[in-house]
Amino acid sequence: ALIEAKRLGRDRVKVFDRDLALRSERRRLLERDLRRAIPSQALEAYFQPILPLRGQSGCGAEVLARWRHPVLGPVGPDEFVTIASE
């Protein structure tokens, strides 16, 4: 609850409730499993071409990371990249 209150900004109060407990448990699960997923190469790379608007050939690609968790299914990069960077 303290971390959530700090994330929300100054002078906040956050009560530890069931929703917060479930989110916290999911985060712990993802963090644990992500530690295994990286060395086992469970993350997939998808290449998104970068194309100019008019008439030129392709000028590059963006790499998008995807993770299909064995139990939870697809986990969005907005969730696992944050955990990995921390």
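This is a predicted model: local features need pLDDT of at least 70, side-chain atom pairs count only at pLDDT 80 or more; totals for chains, interfaces and linings use all residues.
**View 1. Helix H2 from end to end.** H2 runs over residues 18-37. At 1.5 Å a residue, its 20 residues should span 28 Å, and the C-alpha atoms at its ends do sit 28 Å apart, so the two values agree.

View 2. Let's look around the helix. The buried residues in H2 are Leu 20, Leu 30, Asp 33, Leu 34 and Ala 37. They take up an arc of only 165° around the axis, which means they lie on the same side of H2. On the face turned away from that buried side, you'll find the exposed residues Arg 18, Arg 35 and Arg 36. Here's a handy bit of background: an α-helix has 3.6 residues a turn, so residues three or four places apart point the same way.

**View 3. The largest nonpolar core.** Seven names to spot here: Leu 30, Leu 34, Ala 37, Trp 67, Val 75, Phe 80 and Ile 83 make up this core. As background, nonpolar side chains in soluble globular proteins tend to be buried together.

View 4. Is Asp 33 buried or exposed? Its relative accessibility is 10%, and buried means under 20%, so Asp 33 counts as buried. Setting aside residues up to four places away in sequence, Asp 33 touches Trp 67 and His 69. With neighbours within four places left out, Ala 37 is in contact with Ala 42, Leu 43 and Trp 67.

Note on methods:
Residues are numbered from 1 along each chain as its sequence is written. Side-chain values use heavy atoms; hydrogens and water are left out. Helices (H or I, at least four residues) and strands (E, at least two) are DSSP runs, numbered from the N terminus. Buried means under 20% relative accessible area, exposed over 50%, partly exposed in between (1.4 Å probe, protein chains only). Contact means heavy atoms within 4.5 Å. A nonpolar core is a set of buried Ala, Val, Leu, Ile, Met, Phe, Trp, Tyr and Cys residues joined through side-chain atoms within 4.5 Å. The expected span of a helix is 1.5 Å times one less than its number of residues. The arc is that of the directions from the helix axis to the C-beta atoms.
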